[in-house]
Amino acid sequence: MSRKELTSLLSNYETPHASEVHYAPRFVSLLQNFPGCFRRDLVSGHITGSAWVVSSAFDQVVLLHHKKLNRWLQPGGHSDGEEDVLKVAAKELEEETGLSAYKWVTRDIFDIDIHLIPERGNERLIFTTTSGLLPWLKLQLPLL
């Protein structure tokens, strides 16, 4: 997915949550005004990628415990300069879970989020895009 495609998806993204209506325009602004927005060294904010992984029956999901944040999150991580957030999501999914047999349910954005992440005593703004993945095999994992 190119920067142009991502900008287009974000320009058309709608959320049912009133508190998040300002997220998509902020993403678009970041993409249009900061060439380095896919690099973690852009401290004003940067884009990461993650994947929602669901079982074929849509009754189980994969969540990982983030030790630093002490939260359960979907697989994902920093783009490190890669502008294709689908590639980022796939790379992080494979690195963090070992899953390599999956198919994309959609190339559309499932969810976006803007949140602060503490880093070495400071806070950094992270822009996260999430895509939907569906593994080929049903996952035999307990719901967390």
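Predicted model: local features only at pLDDT ≥ 70, side-chain atom pairs only at ≥ 80, totals over all residues.
Reader: What makes up the chain in terms of helices and strands, and in which pattern do they follow along the sequence?

Author: The chain has three helices and six strands. Along the sequence, they follow the pattern α-α-β-β-β-β-α-β-β. Of the 144 residues in the chain, 42% are buried.

Reader: Why is V88 called buried?

Author: The relative accessible area of V88 is 4%. Buried means under 20%, so V88 is buried. V88 is placed in helix α3, residues 85-97.

Reader: Which residues does V88 touch, leaving aside those up to four places away in sequence?

Author: V88 touches G49, G77, H78, S79 and E82. As for A51, its C-alpha is 9.1 Å from that of V88, and the two residues are 37 apart in sequence.

Reader: Why is S55 called buried, and where is its place?

Author: S55 has a relative accessibility of 0%. The cut-off is under 20%, and therefore S55 counts as buried. Its place is in the loop between β1 (46-53) and β2 (64-66).

Reader: What makes the link between the side chains of S55 and D59 a polar contact?

Author: The distance is 2.7 Å. A polar contact requires N or O atoms within 3.5 Å, one able to donate a hydrogen and the other to accept it. The side chains of S55 and D59 are joined by such a contact.

Reader: Why does R3 count as buried?

Author: R3 has a relative accessibility of 18%. Because buried means under 20%, R3 counts as buried. R3 lies in helix α1, and a polar atom of its side chain lies 2.9 Å from the backbone oxygen of P35. Not counting residues up to four places away in sequence, R3 touches L31, F34, P35, C37, F38 and E83.

Reader: How do you know that the buried residues of α2 line one face of the helix?

Author: The buried residues of α2 are Y23, A24, F27, V28, L30 and L31. Seen down the axis of α2, these buried residues fall within an arc of 160 degrees, so they line one face of the helix. The face turned away from the buried side carries the exposed residues P25 and Q32.

Reader: What makes up the largest nonpolar core?

Author: The largest nonpolar core has 19 residues, and those with the most contacts inside it are L6, L10, L31, C37, F38, I47 and I112. The elements giving two or more residues to this core are α1 (3-11), α2 (23-33), α3 and β5 (102-119). Helix α2 gives the most, with six residues. There is also a second, separate core of eight residues, which includes V62, A89, L93 and L99. In soluble globular proteins, nonpolar side chains tend to be buried together.

Reader: Why is β1 described as mostly covered?

Author: Seven of the eight residues of β1 are buried.

Reader: What makes β1 and strand β4 a pair, and in which sense do they run?

Author: Strands β1 and β4 (residues 76-78) share three bridges. Pairing needs at least two bridges, and β1 and β4 pair in the antiparallel sense. T48 stands opposite H78 in β4.

Methods:
Residues numbered from 1 in each chain as written. Heavy atoms only, no water. Helix = DSSP H or I, 4+ residues; strand = E, 2+ residues; numbered from the N terminus. Buried < 20%, exposed > 50% of the residue type's maximum accessible area, 1.4 Å probe, protein only. Contact = heavy atoms within 4.5 Å. Core = buried A, V, L, I, M, F, W, Y, C linked by side-chain atoms within 4.5 Å. Arc of directions from axis to C-beta.
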